[in-house]
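My entries follow the order in which I looked.

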Amino acid sequence: MTVDRTAPTTARRRPALRAAVAATLRALLGGHLLRPAELAAMKETTTHGEGRSYGLGLQRLDTPCGPFRGHAGGNPGYSTMMLSSPDGARQYAADATVYDVPDEAAARAAWDKVTVTALCGPRPGTAVPDLARTAP
């Protein structure tokens, strides 16, 4: 398997990219880019378990503080996620470059905890969904 190791070289561009992605998602979900029927079609999803649903380019993630929409993905050594509140008022965009992690489950749990904390705020005792699950 070949791993694209160019991602770290673009690190200085990431903050601007995350800001642009968040602005685009805010405009999309705020109703400024598509007609209402088109946006409604994008928001229709099929449930795939673990609080995750997928639709036309948008994923839905159910969190302890409500649903968020956006998209997550990555390749070996790199993960990215952008999420927004349903009305486009709040966004979260993050990415991580990770290599040679000795405990992948712990790394995934940390990523999930950061995501839920960023979206919902710190909540002691809140269950964190497994964001690593993907559609079959």
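This is a predicted model: local features need pLDDT of at least 70, side-chain atom pairs count only at pLDDT 80 or more; totals for chains, interfaces and linings use all residues.

Residues are numbered from 1 along each chain as its sequence is written, and side-chain values use heavy atoms, with hydrogens and water left out.

Entry on the strands (DSSP runs of E, at least two residues, numbered from the N terminus; two of them pair if DSSP finds at least two bridges between them). I looked up strand 3, residues 59–63, and saw that it pairs with strand 4, residues 66–75, in the antiparallel sense over 5 bridges; Asp 62 has Pro 67 as its bridge partner in strand 4. Strand 4 also runs antiparallel to strand 5, residues 78–84, with 7 bridges joining them, and here Gly 70 stands opposite Leu 83. These two strands form a hairpin with 2 residues between them, and Gly 77 in the turn has a positive phi of about 90°.

Entry on the salt bridges (a side-chain nitrogen of Lys or Arg within 4 Å of a carboxyl oxygen of Asp or Glu). I counted 2 in the structure. Arg 60 forms one with Asp 62, the closest N and O atoms being 2.8 Å apart. Arg 35 and Glu 38 meet in a salt bridge at 3.1 Å, N to O.

Entry on accessibility (buried is under 20% relative accessible area, exposed over 50%, partly exposed in between, with a 1.4 Å probe and protein chains only). Arg 35 counts as exposed because its relative accessibility is 59%, whereas Glu 38, at 34%, is partly exposed. Arg 60 is partly exposed at 27%, and Asp 62 is partly exposed at 29%.

Definitions and conventions
Helices (H or I, at least four residues) and strands (E, at least two) are DSSP runs, numbered from the N terminus.
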